[in-house]
Amino acid sequence: MKKIYALLFAAISAFSATAAVWDGTSTAITAGSGTESDPYLIETPQHMAWFAEQVNAGNTFENQYFKLTDNLELGKSVNLTFPMIGKFDTYTDGSTQEEVDNSIAFLGIFDGDFHKIDDFKVEYFDEELGGTGLFAVTRSTTIIKNLILGENSVVNGELVCGAMVGQMLGGTILNCENRASVNGNMFTGGFVGCMEGGLVEGCINKGTIVGATEVGGIVGQGAYDGLVKACINTAPVTAIGFGGAGIAGALYDTFSLSNCYSIGAVTGQENPYMGKPHAIVSDSGFNNKVTNCYYVLDLCGYSDSKATAKTADEMKAADILPLLNNDIYEATFVADSESKNGGFPALAWQYDPRYGSVREVAVDDLHIAVCGNSIIADEDMMVFNLSGQTLAMGREVNLAKGCYLVRTAKGVKKVVIR
């Protein structure tokens, strides 16, 4: 009994401590070797700052692996601006007509492990080059996956502005969620400002996006042979100038967009040369492919001849899932049984036990998982609030968002449902 009380007291004390907020300093990463089986571990805000410093100093970490081990808060609440990771600096020399590339990019694999980076402010204003985002620029070997950008964050820039990536020159963004607000000029997107090649797949934007022209919930401008696939926008998109759309502001060349839907309100002005507001894509060229995309007219506010209109009830019905999953090798969209997207189709990874939870180090090998609002254990458990009141017993319990202590015969574990 004394051991149980000691564990409870230790867990409560640990949880009562405030979450670490970035203080402007950096600390070198010490765990991991950078391989796929032993990635570098980003455990603190200071580690994230060190990672940014290293990339900005020219260390590309090509084909090396990084993984988040916890949620991070990066200093916006204490008036700090987090440095962009890398820099976009590619242009044509007017005198020689030669391509000059001074860009600095992370060329490795960044796995958020479904943790959230929140409370950050990224700002960069360059009217000629742009390239503003948590990552300024990516290339063909860059992979960013399983990362959530939090709702208390903001990205402010001029040209080529996206919450995750400013300028995408190849690479992959996979299974990510953006809740941060983005404020830019031309080429502004929820994930990518300007996407010239590469892949954005299985991503959802829930952050408010505001820009001038070529503004989209996922990508501002898409060009060359890039692909946006199986993505969702649920948030408002505002083009202060012209165009604006739920998924992509403008598409050119052989860019493809497929298996996406939007329920976010679109606002913008109309111009015959710069685009008209649409539910999915504002402006597109002859060689683009926009296939198997859907929207709710009453929510988006604008129709789109390149996609299919549905009512809200139709989008929430089971019949929509095979349509959204059409031509996808493995089903990406699932029923939103726990209202993660307000009842509209969810991405399968949103029901991964890691999504929406803070996982603590287990005590005596406790096997406890959080899936949405459910706490699941492989043996009988008791769930307490922080005052010690018993709330539930069993192997699977459903609770509201909050902080809990879970006890099994093996020990006590702290659990947070977000």
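Analyst: Aspartate 89 is buried yet has no salt bridge; buried means under 20% relative accessible area, with exposed over 50% and partly exposed in between (1.4 Å probe, protein chains only). A salt bridge needs a side-chain nitrogen of Lys or Arg within 4 Å of a carboxyl oxygen of Asp or Glu. The nearest side chain of opposite charge, lysine 87, is 4.8 Å away; Lys and Arg count as positive, Asp and Glu as negative, while His and the chain ends are not counted. This is a predicted model: local features need pLDDT of at least 70 and side-chain atom pairs count only at pLDDT 80 or more, whereas totals for chains, interfaces and linings use all residues. Residues are numbered from 1 along each chain as its sequence is written, and side-chain values use heavy atoms, with hydrogens and water left out.

Aspartate 89 lies in the loop between strand S3 (72-73) and strand S4 (90-92); strands (E, at least two residues) and helices (H or I, at least four) are DSSP runs numbered from the N terminus. Not counting residues up to four places away in sequence, aspartate 89 touches Val100, Asp101, Asn102, Ser103 and Leu129, contact being heavy atoms within 4.5 Å.

As for the nonpolar cores, each is a set of buried Ala, Val, Leu, Ile, Met, Phe, Trp, Tyr and Cys residues joined through side-chain atoms within 4.5 Å. The largest has 66 residues, and Phe51, Phe110, Val228 and Leu257 have the most contacts inside it. Helix H2 (residues 45-56) supplies the largest share of this core, 6 residues. A second, separate core of 19 residues includes Ala230, Ile328, Phe333 and Tyr355.
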